[in-house]
Amino acid sequence: MSCCMDWWDPETAAFAENIPCSDCVRVEGDFVLRRPSIPGGAVVRVGNVSKSFGRVTALKDVTFEVQRGEILGIIGRSGAGKSTLIRCLNGLEKPGRGRVEILGQDIVPLPERRLQLVRQRIGMIFQHFNLLSAKTVAENVALPLKIAGVPWRERDFRVQDLLALVGLSDKASVYPSKLSGGQKQRVGIARALAAEPALLLCDEATSALDPETTSSILALLRDINRRLGLTIVLITHEMNVVRTVADRVIVLDQGRIVEEGDVWRVFTAPEADLTQRLIGGQTNELPSAIRSGLRNEWRRGTDLVLRLQLSGSAAENPVLAQLTRDLEVLPVVLDASVQRVQDHALASFTVAFRDPGEPLARRIGEYLASRVSRLEVLGYVQQLA
Amino acid sequence: MYSNWPDLFARALLETLEMTAAAGAIAFVAGLPLGLILVATAPGGIRELRWLNRILGAIVNAFRAVPFIVLLVALIPLTRLIAGTSIGTEAAIVPLAIGATPYYARIAEVSLRDVDYGLIEAVKSMGGSRWTIVREVLVPEALPGLLAGFTVTIVTMIGASAMAGAIGAGGLGDLAIRYGYQRFNTGIMVGVVIVLIALVSIVQFGGDRLARRFDHR
Ligand SMILES: Nc1ncnc2c1ncn2[C@@H]1O[C@H](COP(=O)(O)OP(=O)(O)OP(=O)(O)O)[C@@H](O)[C@H]1O
Ligand SMILES: [Mg+2]
């Protein structure tokens, strides 16, 4: 079809057709394979973007980049400005201040007609799918191609490919109302990919789906990202979504970026309070009987409760066994889990020590502090059963 | 007089059909774009233009406020200008169409405004122009409502065309008034009512089926 870059030439600031860039190769006649890295790197570069609606400040001085082939997750609570931010990336919303560069071109000052050409190469999927009810699945998927002026014969072939990609070949002539939520979102994804976008935007794409369907949609997005080298920006309020698919994460709070980094880093060592709270719900919770009995200071007959996290290679060390051997204490495991985030292991344990007395409690703390990634003294609780 | 009553009915029915069909076609062709402009120029529409929205809204309201019988008389000079005469079936098409257009525009506006804004955003995000949004989203998505609304308009026009008898337009209504009411011929009166009921039922039935055929929601 066409090269990944042929729609936009940043040098001449003009749209060129059918001039393949040095990073694309032709395979099997018409098909173009997009290589994941293109010199110049960033597909999206957002600089000092602010946006207010009347007196409400939705975004405040937001700056970040998205590299080619990367999946960036943007997470935040309701009203944090996530939707506003993602809508700035395809010009559905104009920022009050700042730059939004797509493939090196600031789209903020572009007139509507030019913006439409840019949008033709940015796919978007939505929480409520937004499929056209009067069109069949195939017609929905073909629409971006129709808008891009692709002849109908070519459209047909491409639609078949896309439906095969999302596993819905048998639903081509069905109307969307006959589909399940997961199937609708698959159509949404096929439609968003139709015009071979350089960037895919996902606004709460899995928030209306059940957990199982959510995983299958996330797996599909991950697969597309790997196979096509497609750059994806997805916003969500679910930490789990970010953990499953994103490479990098931005935490947004009241329109500001409060934390940014690789997902495994943010997960294993969250810095911002909000991030810790968002992750907190994900890792182990104490049984409520213990949590309500927690006190700050030791008294005779109470147990010390600690939470420790081990990340990366430390997660493979038998820290608790070593502790048992070296200090001759017997930790009781109240809760434990090992998760993998981007191939980084993250082990976390909640353990109790029987009536240790203050000197021993201090020694346990010191011993562990040097060996684990994160140590939290939760307190003392009345003798456990 | 009694001997040719089937002829009388056939002619009146034909005149009614001619008036409603012609004026209905005009109302659809003019009312739908008017409805589209009303929706597009409204606050938050795809081409916000408040002054135009206000002016068109006021004109539509003005026409809708005037009783049809008054409109019929008030438009006589215009009718004469367009149709060459102010009397007869063809002449009645002018005021009927002018009365029905704002009526249908409002009905179309309501259907078009009900289209989920998310769908408009989706097509916008694909790089669709305003025209694409009208063609691919607004009209197809609102089509069941547009057709149902058109059925209502036609039924209303069948009723209104009876008043056009006042300017010698003929039709079923005219038949009922001249023979049934003025000459106390109850048979003809009842006959007209039965034909009207049948006509309205057929139009409504056909319209409902058509609307349902295009409804995939
Ligand atoms: N069109 C608008 N007009 C006025 N205020 C708006 C508009 N869009 C967003 N806002 C406000 O901007 C803030 C950020 O909204 P935004 O929709 O971006 O949040 P969000 O992070 O997507 O939230 P959610 O998770 O609930 O979707 C909110 O306070 C919201 O009320
Ligand atoms: Mg939102």
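Predicted model: local features only at pLDDT ≥ 70, side-chain atom pairs only at ≥ 80, totals over all residues.

Residues are numbered from 1 along each chain as its sequence is written, while chains are lettered from A and ligands numbered from 1 in the order in which they are written.

**The two chains**

- Chain A has twelve helices and 16 strands, where helices (H or I, at least four residues) and strands (E, at least two) are DSSP runs numbered from the N terminus.
- Chain B has nine helices and zero strands, and its C-alpha trace spans about 70 × 40 × 25 Å along the principal axes.
- Of the 385 residues in chain A, 40% are buried; for the 217 residues of chain B the figure is 43%.
- Buried means that 20 or more other C-beta atoms lie within 10 Å of the residue's own; exposed means 12 or fewer, partly exposed is in between, and C-beta atoms are placed from the backbone.
- In chain A, 69% of the contacts with a separation of 6 or more are between residues 24 or more positions apart; a contact needs C-beta atoms, placed from the backbone, within 7 Å.
- For chain B, 69% of contacts between residues at least 6 apart in sequence join residues at least 24 apart.

**Sheets of chain A**

- Six strands make an open sheet in the order β8-β9-β10-β5-β11-β12 (chain A), with mixed pairing; two strands pair if DSSP finds at least two bridges between them.
- At the edges of this sheet are β8 (122-126) and β12 (256-262) of chain A, each pairing on one side only, and the twist averages 15 degrees from one strand to the next.
- Inside that order, β5 (residues 71-76) and β10 (residues 231-236) of chain A are parallel and share five bridges, with Ile235(A) in β10(A) as the bridge partner of Ile74(A).
- Helix α9 (residues 273-280) of chain A lies across β5, β11 (248-253) and β12 of chain A, at about 110 degrees to β11(A); axes are lines fitted to C-alpha atoms, for helices over the stretch in contact, and angles run from 0 to 180 degrees between N-to-C directions.
- An open sheet of four strands has the order β14-β15-β13-β16 (chain A) and antiparallel pairing.
- Its edge strands are β14 (332-341) and β16 (374-382) of chain A, and neighbouring strands are turned by 10 degrees against each other on average, direction ignored.
- Strands β3 (residues 42-53) and β4 (residues 56-67) of chain A run antiparallel and are joined by eight bridges, with Ala42(A) opposite Gln67(A).
- Two residues lie between the strands of this β3(A) and β4(A) hairpin, where Gly54(A) takes a positive phi near 60 degrees.

**Helix α3 of chain A**

- Why is helix α3 (residues 137-147) of chain A largely enclosed by the rest of the structure? Ten of its eleven residues are buried, including Val137(A), Glu139(A), Asn140(A) and Ile147(A).
- The buried residues of α3(A) pack against α4 (152-165) and α5 (181-193) of chain A, together with α7 of chain B.
- After α3(A) comes Gly149(A), with a positive phi near 80 degrees.

**Core and chain contact**

- The largest nonpolar core has 158 residues, and among those with the most contacts inside it are Val141(A), Ala190(A), Leu96(B) and Tyr104(B).
- Such a core is a set of buried Ala, Val, Leu, Ile, Met, Phe, Trp, Tyr and Cys residues joined through C-beta atoms within 7 Å.
- Helix α7 (residues 130-163) of chain B gives the largest share of this core, 15 residues.
- Domain 2 (40-279) and domain 3 (288-382) of chain A both contribute residues, so the core lies between them; domain bounds come from an automatic or database domain assignment.
- Val141(A) touches residues including Val159(A), Leu162(A), Val187(A) and Ala190(A), not counting residues up to four places away in sequence.
- The contact between the chains takes 18 residues from chain B and 18 residues from chain A.

Terms used. Contact = placed C-beta atoms within 7 Å.
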